[in-house]
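Have the viewer open as you read.

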Amino acid sequence: MNELNSLETETGTRFVRARQLFEWRRYREALQELEQILRLEPDNPDAMAMIANAYQLQSEFDKALHWTDMALRCDPDHLLAWYIRVCVFYETDRNKEFDEAVEYALRIDPEEAQYYFLKANRENRRGRFREARALMDEALRLQPENPLYLAMAAYTEALMGRFAESEELERRARPLSAEHPHALLYLSWAARTRGNFDRQEDYMRSAVRLNPEDKQFRDEYLEALQHANRLYRMFLWPVNQ
């Protein structure tokens, strides 16, 4: 009994360390803690799923999928393992696998708002804006103050040509988005779609300040600058007398 208690204590301590290392984005060190857990408990699906998460966050997607497979052999309905699979298939544009995985994941975890958000993104890419908006209603029902979901809904309304509704959602999202670069990205897309290029530039400037190493953010900011400068030049263009 004492050995069992000692084992549980060591496993629990290593999980706490791993989660802290995740928060610090020190994923390689987190992996070392999780591998030690598997030496103590070789069939621990929580450790396997967290290993998958660490690899996913480092864009090592094949390794991430391998470890979700391992976790699901131990627990076929492991929530984190399915979440990682859905995210990997989404990030790697494996659309068929994504569609299958997200439907199963929703059956076992229907209250996970991120699934509705990811599905809405897919529908927007397909030009199915009404379907995307309905999915965002589900996400916002679960997390009504989530700045990313509000910003995404604002962008979707803009794509539908419903500019007043888009601006109202933007108004709700703006005070919640100051420290959320991806929410700012969606707000910039909403502003661009409505033709508000100055606001697009403002949002992307803030997003790049928060996430300066991300190439997509830098490219989006350059595009926003080009839109704003092009509009400025149009107003200054000499008019023939």
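This is a predicted model: local features need pLDDT of at least 70, side-chain atom pairs count only at pLDDT 80 or more; totals for chains, interfaces and linings use all residues.

Start with helix H2, residues 27-40, and helix H3, residues 45-57. How do their axes cross, and how close do they come? The two axes come within 9 Å and cross at roughly 160°. Anything over 145 degrees counts as roughly antiparallel, and H2 and H3 are therefore roughly antiparallel to each other. As for the hand of it, H2 passes H3 in a left-handed crossing.

Now for the side of the pair where the residues touch. From H2 come Tyr 27, Arg 28, Leu 31, Leu 34, Ile 37 and Leu 38, and they meet Ala 47, Met 48, Met 50, Ile 51, Ala 54, Tyr 55 and Leu 57 of H3. Sort the residues of this contact by type and you get 12 nonpolar, no polar and one charged.

On to the second pair, helix H6 (residues 95-108) and helix H7 (residues 113-125). Here the axes come within 11 Å, with a crossing angle of roughly 150°. That makes H6 roughly antiparallel to H7, and the crossing of these two helices is left-handed.

Which residues of H6 and H7 meet? On the H6 side you'll find Asn 95, Phe 98, Asp 99, Val 102, Glu 103, Ala 105 and Leu 106, while H7 brings Tyr 115, Tyr 116, Leu 118, Lys 119 and Arg 122. The residues of the H6 contact with H7 split into seven nonpolar, one polar and four charged.

Conventions:
Residues are numbered from 1 along each chain as its sequence is written. Side-chain values use heavy atoms; hydrogens and water are left out. Axes are lines fitted to C-alpha atoms, for helices over the stretch in contact, and angles run from 0 to 180 degrees between N-to-C directions. Helices (H or I, at least four residues) and strands (E, at least two) are DSSP runs, numbered from the N terminus. Angles under 35 degrees count as roughly parallel, over 145 as roughly antiparallel, 65 to 115 as roughly perpendicular and the rest as oblique. A crossing is left-handed if the near helix is turned anticlockwise from the far one by less than a right angle, and right-handed if clockwise. Contact means heavy atoms within 4.5 Å. Ala, Val, Leu, Ile, Met, Phe, Trp, Tyr, Cys and Pro count as nonpolar, Asp, Glu, Lys and Arg as charged, and the others, Gly among them, as polar.
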